[in-house]
Amino acid sequence: MQPELPAAATSDDDTVRAAMAGDRKAFEILYRRHADRVYGAVLRLAAFDHARAEDLTQEAFIRAWQKLESFRFESAFGTWVYRLAVNVALMSIRARNADPVSIVDDEHLPDITDPDHPLRAIERDELERAIAGLPPRARAVLVLHDVEGWKHEEIAAELSMAVGSSKAQLHRARGLLRRVLGERS
């Protein structure tokens, strides 16, 4: 029988080591700790398609389990699994041949009738729809740079493009967002 790992008191490194030794409960703890951040990143890359983002999140954690032996403790586990998830999402975009992304249907958007933040929910809804409507590569660059904080060099390497192309795609994405959202610069 494997020892119990208290979810809050055990560090990721200790939990990863337990998971590497075959402890599925330890990996479940890692999943619970990091799934929300991973889901948030892939949701934006998947044009706010919640079902697709859930699938990509699951796929990312399946790959993490399969590749856990390759984790070298050179970075935090959260950073490693996040990067792996972004790669899974980007591969999905590439596999779809960068097809235009449809607008998300209303049932998957945030509840804009929430009385606590009605204006913020409406603005978020408009922004999510605008980002979802961007061409896939422009959307990927915008999300990775402006939302996730990646540098153009990292984006260029990940998307197999020149740094200048990454900057141009970001400029294009921002311009398209301004146009869609009605802002004039």
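In the predicted model, helices α4 and α7 cross with a right-handed sense. Helix α4 spans residues 77-95 and helix α7 spans residues 152-159. The two pack at an angle of about 50 degrees, and their axes lie 11 Å apart. Angles under 35 degrees count as roughly parallel and those from 65 to 115 as roughly perpendicular, and α4 and α7 are therefore oblique to each other. On the α4 side the contact is made by R83, N87, L90 and R94. On the α7 side, E154, E158 and L159 take part. By class, the residues of this contact comprise four charged, one polar and two nonpolar.

Helix α7 also packs against α6, at an angle of about 140 degrees and with the axes 10 Å apart. Angles over 145 degrees count as roughly antiparallel; α6 and α7 are therefore oblique to each other. The crossing of α6 and α7 is right-handed. Helix α6 contributes R137, A140, V141, L144 and H145, which meet H152, I155 and L159 of α7. The residues of the contact between α6 and α7 divide into one charged, two polar and five nonpolar. L159 of α7 takes part in the contact with α4 and in the contact with α6.

These helices belong to a protein with eight helices and zero strands. Read from the N terminus, the order of elements is α-α-α-α-α-α-α-α. The protein has 185 residues, of which 41% count as buried. Among contacts between residues at least 6 apart in sequence, 60% join residues at least 24 apart.

In soluble globular proteins, nonpolar side chains tend to be buried together. The largest nonpolar core of the model has 51 residues. Within this core, the residues with the most contacts are F27, L45, F77, W80, V86 and L90. At least two core residues come from each of α1 (12-20), α2 (24-45), α3 (50-66), α4, α5 (118-132), α6 (136-147), α7 and α8 (163-181). Helix α4 gives the most, with eleven residues. L90, listed among the core residues with the most contacts, also takes part in the contact of α4 with α7.

The surroundings of L45 can be given residue by residue. Apart from neighbours within four places in sequence, L45 is in contact with V86, A89, L90 and I93, and also with R139, A140, V143 and L144. Of these partners, A140 and L144 also belong to the contact of α6 with α7.

The relative accessibility of Q169 is 17%, below the 20% limit for buried residues, so Q169 counts as buried. Leaving aside neighbours within four places in sequence, the residues in contact with Q169 are R137, A138, V141 and M161. R137 and V141 also meet α7 as part of the contact made by α6.

With a relative accessibility of 1%, A47 counts as buried. F73 has a relative accessibility of 28% and therefore counts as partly exposed.

Terms used:
Residues numbered from 1 in each chain as written. Predicted model: local features only at pLDDT ≥ 70, side-chain atom pairs only at ≥ 80, totals over all residues. Heavy atoms only, no water. Axes fitted to C-alpha atoms, helices over the stretch in contact; angles between N-to-C directions. Helix = DSSP H or I, 4+ residues; strand = E, 2+ residues; numbered from the N terminus. Left-handed = near helix turned anticlockwise from the far one by under 90°. Contact = heavy atoms within 4.5 Å. Nonpolar A, V, L, I, M, F, W, Y, C, P; charged D, E, K, R; others polar. Core = buried A, V, L, I, M, F, W, Y, C linked by side-chain atoms within 4.5 Å. Buried < 20%, exposed > 50% of the residue type's maximum accessible area, 1.4 Å probe, protein only.
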